Amino acid sequence: MAKISQEPSLDRPIPGQSLTSELGSRPWQSPPQYSTVDEVVEYYMERMAAEDFMVQLVDVLEMGVPVTTLANTIQMSSVMNGVHTLDTGMLALPLIMEMLMLLGDSAGIEYDDGLANPNEIKTSNPTRETLLTKIAMEYKGQLEDVDFDNLTEDTVEEEQEEEVAEPTGLMARRN
């Protein structure tokens, strides 16, 4: 069993240390490898044509990751590695999504494109249906315990009065 040390750890970064690095030492602080949208799209087409990328993409799409999320992650990773700038990546994003969807279609899998309104309730989402079913069954069990035939306003008031607890503790009022 590991022993937990009670001594403070002093090998942590100093606050603000990330702001003291040499200017241009990070990949995103130097000029990008590709500066036009055409070059960025060409880069992604070459990258997505690789066999190992296609296999990994199919696995990720089958897991239910939306295409929009996947495309944003891919282009943000390239921005962080200094491949292209954020603005050229955002301009190339629709083409990246189209390429990802084309690869998903060619593999014959169903995928979530992520373009649906997130505020709309999906009726075809099995996770959501399962969650709602679970909640409905829980309330159904609670409702079966209630005797609706003998329920009157007096019994409802009595149950509400029973639920009120007397305050206790240091600051409670004394009777």
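**Burial, contacts and helix packing**

Guide: Ala92 lies in helix H4, and the model in which we look at this residue is a predicted one.

Visitor: Why is Ala92 called buried?

Guide: The relative accessible area of Ala92 is 0%, and a residue counts as buried when that value is under 20%, so Ala92 is buried. Leaving aside neighbours within four places in sequence, Ala92 is in contact with Val37, Val40 and Val41.

Visitor: What makes the pairing of the His84 and Tyr44 side chains a polar contact?

Guide: The two side chains come to 2.7 Å, and a polar contact asks for a pair of N or O atoms within 3.5 Å, one able to donate a hydrogen and the other to accept it; the pair of His84 and Tyr44 is counted as such a contact.

Visitor: Which residues touch the most other members of the largest nonpolar core?

Guide: Of the 23 residues in this core, those are Tyr44, Met48, Phe53, Leu57, Ile96 and Leu100. At least two residues of the core come from each of helix H1 (37-48), helix H2 (51-62), H3 and H4, and H4 gives the most, with 8 residues. Met48, again leaving aside neighbours within four places in sequence, is in contact with Phe53, Met54, Ile96, Met99, Leu100 and Leu103.

Visitor: Why are H2 and H4 called roughly perpendicular?

Guide: H2 and H4 pack at an angle of about 85°, with their axes 10 Å apart; angles of 65 to 115 degrees count as roughly perpendicular, and the two helices are therefore described in that way.

Visitor: Which residues meet where H2 packs against H4?

Guide: From H2 come Phe53, Met54, Leu57, Val58 and Leu61, and these meet Leu100, Leu103, Gly104 and Ala107 of H4. The residues of this contact divide into 8 nonpolar, 1 polar and no charged, and Gly counts among the polar ones.

Technical notes. Residues numbered from 1 in each chain as written. Predicted model: local features only at pLDDT ≥ 70, side-chain atom pairs only at ≥ 80, totals over all residues. Heavy atoms only, no water. Core = buried A, V, L, I, M, F, W, Y, C linked by side-chain atoms within 4.5 Å. Buried < 20%, exposed > 50% of the residue type's maximum accessible area, 1.4 Å probe, protein only. Helix = DSSP H or I, 4+ residues; strand = E, 2+ residues; numbered from the N terminus. Contact = heavy atoms within 4.5 Å. Axes fitted to C-alpha atoms, helices over the stretch in contact; angles between N-to-C directions. Parallel < 35°, antiparallel > 145°, perpendicular 65-115°, else oblique.
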